[in-house]
Amino acid sequence: MNTRSVPLVVAFTPNYFVPAATCIYSILANMHTEGRLHIICLLSEELPERLKQKLRMLGEGRACYSFVNLKGRLQDIYVDAKYTEAASYRLLLPDLLPDDDKVMYIDCDMIVRNDLARLYYSIDLGTNYLAAVFEAPMDFQMEHLKAIGCAPSEYINSGFLIMNLELMRRDGMVGKFMEASKADYLEFPDQDVLNQLCKKRILGLPPCYNSIRTFYLPQYKPFFLQRYTEQDWADVHRHGTVHYTGAKPWNQFTVEFRLWWQYYEQLPVEIKEEWKMSRKIHLLSKLCKTSLGAYVINGLQTLYRRLKYQ
């Protein structure tokens, strides 16, 4: 049995409390390895004690929680209007967690279907700064990759990371991250910075550990297979950790919509009462749970894709 807790970092703003809780619940539900999680919540403002106590309801006996308020810590960096300051908190982790040599980071718009504790214990980062899933870029992304100095074969998605904090501290990477983050041409600020400064020092993970939206869409399968295999494609669809890049399932219909709602519905009622959901989207989620509803919706989705991409 592993006695040392697995450090797992999430970052969120108050309006993301329920999606963050849903993500954490999915992690705990699929953790079969013996051990405990130390869930470190990086916050853009102080979280009310009421919400902290409700979050602690998840994983009782298997998880402990820390809360770090980082309001105002990133005043000098560029933050694109599409994102929040919290998205760049991961760049501070080597200095924020001086007692940890290795840590996992995960975005909150994800549903985990793999055992992250087992992965953490088994992986050896060696001289790599990161372990992450490489994307399978499409033609329209090439101009951006060229602009930031990354080859298509070496661009990761930063939604799930295993970070070598010890090596990053030794090499003074936080200062370098902060300086690079001032550039206003970055389309995906923290992700682009990590790709620029950590390239050639990234250990690739199987795509099932961070299955972005395009990994689920059949029209993008040819791009996927330029990097990965048919077995990887099957694994993504069978047990991939779903990363809801783009549309969020609590706001609108999207890939693996039903899956997110399945985990949400299992949350304690005390957590679910903390937000006002869209009645239409909630009704759609219930419709998806019925055989007839799922059949109709899947049929319409297939027809839409055929008309759009034929």
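**Salt bridges and their setting**

Author: Arg-50, Lys-54, Glu-273 and Glu-274 are joined in a network of salt bridges, where a salt bridge is a side-chain nitrogen of Lys or Arg within 4 Å of a carboxyl oxygen of Asp or Glu. The model is a predicted one, in which local features need pLDDT of at least 70 and side-chain atom pairs count only at pLDDT 80 or more, while totals for chains, interfaces and linings use all residues. Residues are numbered from 1 along each chain as its sequence is written, and side-chain values use heavy atoms, with hydrogens and water left out.

Searching the whole structure gives 16 salt bridges. One of them pairs Asp-190 with Arg-90, whose closest N and O atoms lie 3.1 Å apart. This pair ties together distant parts of the chain, since Asp-190 belongs to helix H8 and Arg-90 to the loop between S3 and helix H3 (93-96), 100 residues away. Helices (H or I, at least four residues) and strands (E, at least two) are DSSP runs, numbered from the N terminus. Asp-190 and Arg-90 are both buried, where buried means under 20% relative accessible area, exposed over 50%, and partly exposed in between (1.4 Å probe, protein chains only).

Two other pairs can be set beside it. Lys-221 and Glu-230 meet through their side chains at 3.0 Å, N to O; Lys-221 is partly exposed at a relative accessible area of 22%, and Glu-230 is partly exposed at 46%. In the salt bridge of Lys-272 with Glu-265 the closest N and O atoms are 3.7 Å apart; here Lys-272 counts as buried because its relative accessibility is 19%, whereas Glu-265, at 24%, counts as partly exposed.

Contact here means heavy atoms within 4.5 Å, and the angles, from 0 to 180 degrees, are taken between N-to-C directions of lines fitted to C-alpha atoms, for helices over the stretch in contact. The sheet is open and mixed, with seven strands in the order S3-S2-S1-S4-S7-S6-S8; two strands pair if DSSP finds at least two bridges between them. Strand S3 (63-69) and strand S8 (202-204) are at the edges with a single partner strand each, so one side of each has no neighbour in the sheet. From one strand to the next the twist averages 30°. Helix H1 (residues 17-29) lies across strand S1 (6-12), strand S2 (37-43), S3 and strand S4 (102-106), and runs at about 160° to S1.

Within the sheet, strand S6 (residues 130-134) and strand S7 (residues 156-164) run antiparallel and are joined by four bridges, with Met-163 in S7 as the bridge partner of Leu-130. Leaving out residues up to four places away in sequence, Leu-130 touches a set of residues that includes Met-168, Leu-194, Cys-198 and Arg-201. Leu-130 is also among the residues that touch the most other members of the largest nonpolar core, which has 112 residues; Phe-12, Tyr-65 and Phe-160 are others in that group. Such a core is a set of buried Ala, Val, Leu, Ile, Met, Phe, Trp, Tyr and Cys residues joined through side-chain atoms within 4.5 Å. H1 gives the most to this core, with nine residues.

Helix H11 (residues 257-264) is mostly covered, with six of its eight residues buried; they are Phe-257, Leu-259, Trp-260, Trp-261, Tyr-263 and Tyr-264. The cover over them includes H1, strand S5 (110-111), strand S9 (242-243), helix H12 (269-272) and helix H13 (279-288).

Setting aside neighbours within four places in sequence, Lys-71 is in contact with Leu-43, Ser-44, Glu-45 and Tyr-89.

For the whole protein, buried residues make up 56% of the 310 residues, and residues 24 or more positions apart account for 78% of the contacts with a separation of 6 or more.
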